[in-house]
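Biologist: Could you walk me through this one? I am new to it.
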Amino acid sequence: MIYLQIAANGLVLGGLYACIAVGFSLVWGVLNVINILHGTFIVLGSYIAYFAYVHAGIHPFASIVIAGGVLYALGHAIHAGIINRVIAAPVLITLTLTFGLDLILNNAMLVAFTADYRSINLARPLGTLEIGPVFLPGDRVAAMALALLLTILLWRLLRDSRIGRAIVAVRMDREAAALMGVDVKRINAITFGIGALMAGAAGALLSIIFPISPLNSATFLGKAFVVCVLGGLGSVPGAIIGGIVLGIVESFGSYWFGPEHAVTISFAILLVLLFARPRGLVGRRGYE
Amino acid sequence: MFTSYLSRRVAAGIAAAGVAVLPLLPAAAQDAIKVGAPLPLTGPLSPEGLKQKRGYDLWVETANTKGGIKAGGKTYTVEIVYTDYASNTPRAVQSAERMITDDKVNFLFAPFGSGATKAASAVSEKYGIPMIAPTASSAEVYDQSYKFLFGTLTPNETVSEPIAKLVTENKPNIKRVAILARNDLFPLAVAQAFEKAVKAQNLEVVTFERYAIGTMDHAAAITQMRAARPDWVYASGYINDLILIRRQMNDLGLKPQILTMIAGPAYPEFAKTVGPLAENITSMSWWHPAVRYKGKDVFGSTEAFNAAWEKKYGGEADYVDASSAVDGAIIQLGIEAANSIDPAKVRDAIAALDVETFYGKIKFAASGQINSLQPPVFQLQGGQPVVLWPPAIKQGELRFSP
């Protein structure tokens, strides 16, 4: 019976991992930019939700809109103003650039918010649902459901909207897209903005689960990395599948081998996968 | 050859310029004692590093405003040389060494925690510079027969045995204990000391799980603990780990009669962050603002220290703050007793200290670790720490959760 609980733990965690990773995956897949800022964007989203809750009583789930909007604007501006200048350079250049920007933004947050851990204690938490022997933490499940909903919305956006098709076109072939009249610079900035928006929204959702501190950004970034490589770059379903696989593997791995080995196991699986299926579980060339 | 000749010329030139300038410097600049403090001012340990810094700063301010330190007929002011090692232990060791060789510090404060302190102690030993550690409690730090390392947290047993006795005396039907420890030098060592202490009281340890540094999810471990039906849950780690563990225990319905966590509840921000879930958590602390000691140190008494703290920072100091401040006071007591700032003489004077301070009695074992304190046991009740032990400063009774 304990296996049901462990599977449930893994699913809930996996949904959150998917949400952490999807924006990162999009930016990497479409722009070929490894956005080291991603973890810091998530934490910034959490802070927005925290201050909105503490000062205005806005539920963190409602703050998704605020955090997403602010982060979109920030991401768009950072890309249009800074990253676009070196977007055609090799991936290492943009990686170094986002690494430097991350140092600046993260340390600015340390100065502004201090490293102290904060946390949102909801006035009316959803409590715990008990389904037979399985305990489901209400707020986590709700956050996971919203995260999946957002991810699916992003997927629909990419498939069904003009902007979405343009993003996909740029991902598939930058030159051809430009020849077809797509404004590649604009699409790049929008894509980076959407990546930041997803990070901000994820941050708002995670604010009710994890303690909030600028120090968490590296942990989020690390998870995003693993999920992307597991699932396949630039693919929304890939992020969902990668996230859930990682969540379940960590959950069962902790149970069987002890929690100190959970990370080792997930990275071991990552290595095996890189060897056997370097495109990721559902990754493929081109796009859906 | 040419470059070494050149650099010798340059060095000679600088030395000559130095000799020329030296007599013009004000006397005060020569009579400063430099203490090096490598700290994790950024990175995951920065909350702890900033606490240490606050303690040192208060000591420096107090020592300097009270007229500095007198030794060998001279009066010295104190100055701290800080570096940020960004929570990266190898860099802590490098900065300690650089402080000795380049900054010419007279004394050192250790970096944060048992692991980094042990690593840096090799450097202080090599150069014969006394290093005082405010936040290293694990016996493994002091087992190298080093002469220049001193620490002001008592061994982990002293924060484990009293609570084991207190709980079994208050409620004999508590039998099953589950332990969750961060796989890191101090948190693991303190959890093992706790395991030994509860076994000595004939309690049964039903699970002992370790989690990796940086773990984001404790659901699997908590599920496993819940299946073992513990009466008493013990979790070790740092503040962010413990916040997450407490929340997930609640999410997953793990509700023991007694919950003990270390080291986090001793910091005022813990109860604030965890909110109502902090209620009834027990913990231990090497020092508590409720203790009352009269001392020969620069602060004079616990009340005076508390007042100085309140004035400079607002609120109450926790054990990291106080231990850091007393480490400065110990260097000062050592210099005054040796009547010299010679590191070897001050080292001998510190080793021989047997003195009351605002922090409690200071006396070091041969290993260099303090052995003269009784760390209090406390419980968070109504968001406030209430001291349960030792009886001399007891403020309330141990409560159990239903």
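Biologist: How many residues of chain B are in contact with chain A?
Modeller: 30 residues of chain B are in contact with 31 residues of chain A. Two residues count as in contact if their C-beta atoms, placed from the backbone, lie within 7 Å. This is a predicted model, in which local features need pLDDT of at least 70 and side-chain atom pairs count only at pLDDT 80 or more, while totals for chains, interfaces and linings use all residues. Residues are numbered from 1 along each chain as its sequence is written, and chains are lettered from A and ligands numbered from 1 in the order in which they are written.

Biologist: Switching to chain A: what is its secondary structure?
Modeller: Chain A has 11 helices and 2 strands. From the N terminus on, the order is α-α-α-α-β-β-α-α-α-α-α-α-α. The radius of gyration of chain A, taken over C-alpha atoms, is 19 Å, close to the 19 Å from the globule rule (2.2 Å times the number of residues to the power 0.38) for 288 residues, so chain A is as compact as a globular protein of that length.

Biologist: What percentage of chain A counts as buried?
Modeller: 53% of the 288 residues. Buried means that 20 or more other C-beta atoms lie within 10 Å of the residue's own, exposed means 12 or fewer, and partly exposed is in between, with C-beta atoms placed from the backbone.

Biologist: Which residues have the most contacts inside the largest nonpolar core?
Modeller: Leu16(A), Ala18(A), Ala21(A), Ala202(A), Val227(A) and Leu108(B), in a core of 215 residues. A nonpolar core is a set of buried Ala, Val, Leu, Ile, Met, Phe, Trp, Tyr and Cys residues joined through C-beta atoms within 7 Å. Helix α1 (residues 2–31) of chain A gives the most to this core, 17 residues.

Biologist: What does Leu16(A) contact, leaving aside neighbours within four places in sequence?
Modeller: Leu16(A) is in contact with Ala143(A), Met144(A), Ala147(A) and Leu206(A).

Biologist: Now chain B. Which domains does the assignment give?
Modeller: Domain 1 (26–154 + 290–363) and domain 2 (157–285 + 376–393); such bounds come from an automatic or database domain assignment. Their C-alpha centres lie 30 Å apart. 14 residues of domain 1 are in contact with 11 residues of domain 2.

Biologist: What is the secondary structure of chain B?
Modeller: 13 helices and 15 strands. Of its 402 residues, 52% count as buried.

Biologist: Last topic, confidence. What pLDDT does chain B average?
Modeller: Chain B averages 90, and 93% of its residues score at least 70. pLDDT is the predictor's confidence in each residue, from 0 to 100. Over residues 1–29 of chain B, the pLDDT is below 50. Where pLDDT is low, the predicted coordinates should not be read in detail.

Biologist: And what ipTM does the complex get?
Modeller: The predictor gives the complex an ipTM of 0.84, with a pTM of 0.83.

Note on methods. Helix = DSSP H or I, 4+ residues; strand = E, 2+ residues; numbered from the N terminus.
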